[in-house]
Amino acid sequence: MALLPDITAFYDDGDEAGRLTSGRTVGTVELMRTQEILRAHLPPPPASVLDVGGGPGVHARLLADSGYRVLVVDPVERHVRQARAQGLPAEVGDARSLDLADGSFDAVLLLGPLYHLPDAADRARAWREAHRVVAPGGPVAAAALNRYAKLLDLHSTAALEIAATGLRVRRDGPTTYYHDPAELPAEAHRAGLEGVSLHGLHGPAFEALRAEERRTGTKDLGERALESALAAARFADTRPELLVASLHLLAVARRPRPRPAGPNG
């Protein structure tokens with residue numbers, strides 16, 4: 001299975017690691033919120049974690065530094081080289097068809113693949129593969145973009161199209177898929193996962209941060225803005241009605257454990 005050519009070109013030319021680690025307030029919020037939600041759901045180290053679509057290994061490096069055994073699988077060869085340069089085990093692979101044994105990891109991350117699989121059948125394959133390779137009882141954490149949050153961006157010329165269709169066809173990058181928030185847990189359930197929790201990563205402050213970037217001409221908005229955005233995201237995480245305000249979503253589900261046999265076998 002091949003990626004769309006524009007996806008490969010986009011990541012070959014871009015700086016995926018810098019998006020989260022360059023000091024930009026928006027990126028820092030995403031990085032910190034993703035890590036804190038993952039830590040709340042992952043088994044303790046030295047559990048094994050498969051980071052599917054893990055890019056250059058930003059999240060994998062932080063997990064490895066905490067004692068997790070992490071393997072990065074990514075379809076972009078440049079990302080695999082960057083992850084290996086950080087000392088991480090990494091290999092080229094596709095979320096829809098993983099060359100890994102059943103139940104071979106304690107946890108699986110899908111923090112990037114769902115953005116770039118506009119076909120529902122492809123997303124279903126990625127979910128099923130995550131279910132297959134995670135051990136019974138283990139978590140699968142999957143990130144997605146929220147189609148309705150773009151309506152808060154007054155500068156977006158594509159917001160209505162995204163909200164209506166979930167698709168953004170871009171001149172400057174790959175075709176991107178945006179989920180309806182209710183769609184993400186439904187996909188997990190269809191793959192046989194259970195106990196889904198849904199989180200907003202950036203929370204309701206994302207577009208306010210973007211607007212402040214444009215107003216000030218800087219992407220590092222300072223400690224006060226960072227702490228306010230994090231506090232808003234954590235507050236919203238306990239209130240499902242605020243989920244639609246967060247551009248980035250994170251669903252966490254688990255592979256069911258085998259049910260014990262009854263008294264009659």
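Predicted model: local features only at pLDDT ≥ 70, side-chain atom pairs only at ≥ 80, totals over all residues.
Modeller: Residues are numbered from 1 along each chain as its sequence is written, and side-chain values use heavy atoms, with hydrogens and water left out.

Colleague: Why are α3 and α4 called oblique to each other?

Modeller: Helix α3 (residues 25-41) and helix α4 (residues 58-65) pack at about 50°, with axes 11 Å apart. Angles under 35 degrees count as roughly parallel, over 145 as roughly antiparallel, 65 to 115 as roughly perpendicular and the rest as oblique. The pair is therefore oblique.

Colleague: Which residues make the contact of α3 with α4?

Modeller: L31, T34, Q35 and R39 in α3 meet V58, H59, L62 and L63 in α4, where contact means heavy atoms within 4.5 Å. These residues divide into four nonpolar, three polar and one charged.

Colleague: What makes R123 sit over the face of Y177?

Modeller: A charge counts as over a ring if NZ of Lys or CZ of Arg is within 6 Å of the ring centre and within 35 degrees of the ring normal. R123 lies over the Y177 face at 3.8 Å from the ring centre. Likewise, the charged end of R239 is over the ring of F235, 3.7 Å from its centre.

Colleague: Where is P46, and what kind of peptide bond joins P45 and P46?

Modeller: P46 is in the loop between α3 and β1 (48-52). The bond joining P45 and P46 is cis, with omega about 15°. Most peptide bonds are trans.

Key. Axes fitted to C-alpha atoms, helices over the stretch in contact; angles between N-to-C directions. Helix = DSSP H or I, 4+ residues; strand = E, 2+ residues; numbered from the N terminus. Nonpolar A, V, L, I, M, F, W, Y, C, P; charged D, E, K, R; others polar.
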